[in-house]
Amino acid sequence: MRRIEQRGQAITVELDGDPVPAFDGEPVALSLLAAGETVFARSIKYHRPRGPYCFAAACSHCLMRVDGVPNIYTCRIPARAGMRLERQNAYPSVKVDVFQSIDWLFPRGLDHHAMFAGVPVAEQVMAKVARHLAGLGLLPDKPAPDRMPCETLRVKVAVAGGGASGSSAAARLAAQGVPFLLLERDPFLGGRRFSAPDLPRDQVRLRTPVIGLYEDDAGWYLAAVSAADASEPRLLKVYAERFLLAVGGHPPTLPFENNELPGVFSGRAATSMLRRHGLLIAEEPALVGRGPELAELQRLLESHGAKIAAVVDVDGDAKDLKAHGRNKVNGLSFARRGRRKKVDCDAILVSVPISPSFELARQGGARVSWSPPHRTFVVEAAADGRTHAAFPLYVSGELTAPHAPEESAKSGELAADAIAREARP
Amino acid sequence: MSKALVCPCEDVTVDDVKHAIQKGYCDVESVKRYTGFGTGICQGKSCLTAVAQVLASEVKDIKPTSILPFTPRTPLYPTELSLMATAPVDESRAPSGGVPASLGYSFHALRPEAPVQSRAKVVIIGGGIMGLALAHNLASRGEKDVVVLEKGYLCAGASGRNGGGVRMQWGTSAMIELAKRSIDLMKQFAREMGINIWLRQGGYLFLAKTKKIADRLEAGAKLHNRHGVPTQILTPDAAKDVVPQLTMKDVLVCAYNSEDGVIFPWPFLWGYAQSCQKKGIKVETFTNVVGFEIAGGKILKVKTDRGDIACEQVVLAAGAWSPSVAELAGVTLPNEPHRHEILSTEPLKPFLGPLVSVLDSGLYFSQSMRGEIVGGMGDPKEPAGLNMGSTLRFVKRFASALTEQLPVVGRIKVLRQWAGCYDVTPDNNPILGRTPGLPNLLQMSGFVGHGFMMAPAVAERMAEWMVKGAPDELFTRFTLDRFQKGDLEREEFIIG
């Protein structure tokens, strides 16, 4: 772990009452990692240690109580001076949690359907224990502040997602004079390209995750929570004549033993921590996965001085992967040609093709199907991104399959051209 | 402590998924329910692909077209109730729309290719809790020549979509007695079926904000007490001892029965279905009834999209779909489906004992065994129709009402919303017994959103009546012809 470069003003946040150094505005999960904190939480059932994995709000490993509010994605919120972070779901502490005994007592897992079912007394005791162990986090310290009113907008074209694909599509729409509004959940555009075209500022809302594609009397609309310009969040409804969904995908879980131990990160998380925030997450990582991004990740890390402990292609002859370590990864083992091999490493980076984020598309009525070559669900669409939905709903980028950033950008432009052709009077 | 996880939010392992497949749950929706994968804070973002890959490699001869994703629920990211409460809603208009929009494809991809059996003495239409509980009870009484037809997966209908509330606080003696018996049966369920249903008797706390509802609660409590149900009338102050976080603005009076509770609905269906299978009764999922062969005032065959089944008796237990199935036999039922929406929040450590309901507005909420706040609220403008789409309007109405009653949850986040259909009859009471003019079609529908909690007791009595022919007023009093005769006693303790 090494900070290659420091961005922002040095501040201090508070973790379970102790000060932790951070830089203003970086994801606070990253501040904690850089300060050497690995265990962020305990898991819900077996109380296994958890640390950040995806840095994309697609898992639940980094949840903490933040400023008196439970279950906050620490990978999504910027560090601010004095921010109070508390670990959840452990007794007496996350580092030494007595309930981790559940994990030890049930090495093969416990079947909550059958366990003590119908056994007198035991089942009542179990129900009481389960009730008290269940749940993550305690009630918030206080009621919510008064919220700003919902904002309702009507636009010609709504673009959800400003990554490689959405930002290129928006640039194309802008060039053709088609009015649009782009909603991006991150505080920056461009996603995996780490650069973005210039877009008219008033047509872009950053820090605005889309939460649903809904329909009512007035038509289809995107619902979003907008905290643009770091203001207080407010609900946003965006009705549009045409929609382009370019929300990318989620880093999937790759099942292998102890695959969620702190120190296992998605490859894209490692890339963005390095390129976006100047943090090299590991000096000596093991890389596992498949697909073209695996080799790219290796090149990127090596160019910053990391020593790669191993590269394991899960489509190759390596089998039965296992992460080692108690509260943090210290090794990776696997079987190859009948022999078990173990390497020491300070992180395991999982780079597998992305799972397309088909949710909004399907809410709108697009077809989603299983793609055997990609081994993911994909949104079915024509070459220009038009879906089977009953209204003009387009998708681009990684919604139709895992793509390289350049391909994603290209598909965004194709969709934008199709939308522009339709939108012209 | 070595586990390979597919769903780290809920600690679901690869072995758990394989175990579900061995049990016969081979589609994504069923595996989700049986293992709990995808029900945590990430809502399936990181785990769905991994689970589908396990299905693709572990389920024998599975076709790619049979691997369908589960329905993605709004919101895409956990969103605070207090923000949802700001959505503008025109309460003077009826709700419209709902997502997901019509999907253009459905369960037909999952329909088994093999034909169904060609005959059975009893065909039960509907594999919800009513149909499955009846099949189990028939088998326990020696009648095993039964088949259950279900158009979707187990739990696809209202039995898998309800909030899990079970209560004895009803407005008529018949319902109170059924509910009491059901709760007794629920206490024995795990012992008999070998599956936990997580009954938690935290009570039901009803709040009344108008004189009319207050009078109803007070009259109800007297009736409950006569049936041995210990309902107490509480002042708003006393009710705060039960749930300290509640605000009691405008509340006139409360009714509390500490013996009511909540259960986890899904294992009932699995328990009954597994019991049926053990006794040789087939539960045919993904199988549609497409018509009937009728002659001489009798149903001779039930026609399905997997072949015809010759039979002696047919039981219609299809919940909100019952009117459309009855239509195929030329029978008109007065039932109407009404969408009821519901949502679930992030899981919290236990703080809420009872299920709380404001009977005036139809707001209800409880805390599940997993720690989520689960709740809903009826919409007086909801039109009749088989609609299971989700609306922002509902989330807004529910979030406003809930945060007004329980302000401390304003920053608690909604994880997912869904909907199911109440099967509503003109007098809020079920339709049971023989069909006039078609006596071998037996009715078992019209439970108006509370069929789940009544099913264990109703099914027991129905099986007894069918097998032994013992007279039972349920099957003479709640018959279809009561609507012609005008002999109606309305149930007024309906939430929503």
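1. Helix 5 (residues 267-277) of chain A, in this predicted model, lies across strand 16, strand 18 (285-289) and strand 23 of chain A. The helix runs at about 80° to strand 16 of chain A. Helix 6 (residues 292-303) of chain A also packs on the sheet, where it touches strand 18, strand 19 and strand 23 of chain A. The direction of helix 6 makes about 165° with that of strand 18 of chain A.

2. The sheet in chain A is open and has four strands in the order 16-23-18-19, with parallel pairing. Strand 16 (264-266) and strand 19 (310-313) of chain A each have a single partner strand, so one side of each is left without a neighbour in the sheet. From one strand to the next, the twist averages 20°.

3. Strand 16 and strand 23 (residues 347-351) of chain A pair in the parallel sense over three bridges. A:Val264 has A:Ile348, in strand 23 of chain A, as its bridge partner.

4. In chain A, the C-alpha centres of domain 2 and domain 3 lie 33 Å apart. Domain 3 of chain A covers 264-351.

5. Chain B is divided into domain 1 (1-70) and domain 2 (108-161 + 266-335 + 427-485). Eight residues from each of these domains of chain B take part in their contact. On the domain 1 side, two are nonpolar, three polar and three charged.

6. The largest nonpolar core has 292 residues, and B:Val51 and B:Leu134 touch the most other members. Helix 12 (residues 451-468) of chain B gives the largest share of this core, nine residues. Among the residues that B:Leu134 touches are B:Ile124, B:Val315 and B:Met462.

Methods. Residues are numbered from 1 along each chain as its sequence is written. Chains are lettered from A and ligands numbered from 1 in the order in which they are written. This is a predicted model: local features need pLDDT of at least 70, side-chain atom pairs count only at pLDDT 80 or more; totals for chains, interfaces and linings use all residues. A nonpolar core is a set of buried Ala, Val, Leu, Ile, Met, Phe, Trp, Tyr and Cys residues joined through C-beta atoms within 7 Å. A residue is buried if 20 or more other C-beta atoms lie within 10 Å of its own, exposed if 12 or fewer, and partly exposed in between; C-beta atoms are placed from the backbone. Helices (H or I, at least four residues) and strands (E, at least two) are DSSP runs, numbered from the N terminus. Two residues are in contact if their C-beta atoms, placed from the backbone, lie within 7 Å. Domain bounds come from an automatic or database domain assignment. Ala, Val, Leu, Ile, Met, Phe, Trp, Tyr, Cys and Pro count as nonpolar, Asp, Glu, Lys and Arg as charged, and the others, Gly among them, as polar. Two strands pair if DSSP finds at least two bridges between them. Axes are lines fitted to C-alpha atoms, for helices over the stretch in contact, and angles run from 0 to 180 degrees between N-to-C directions. Lists of a residue's contacts leave out its neighbours within four places in sequence.
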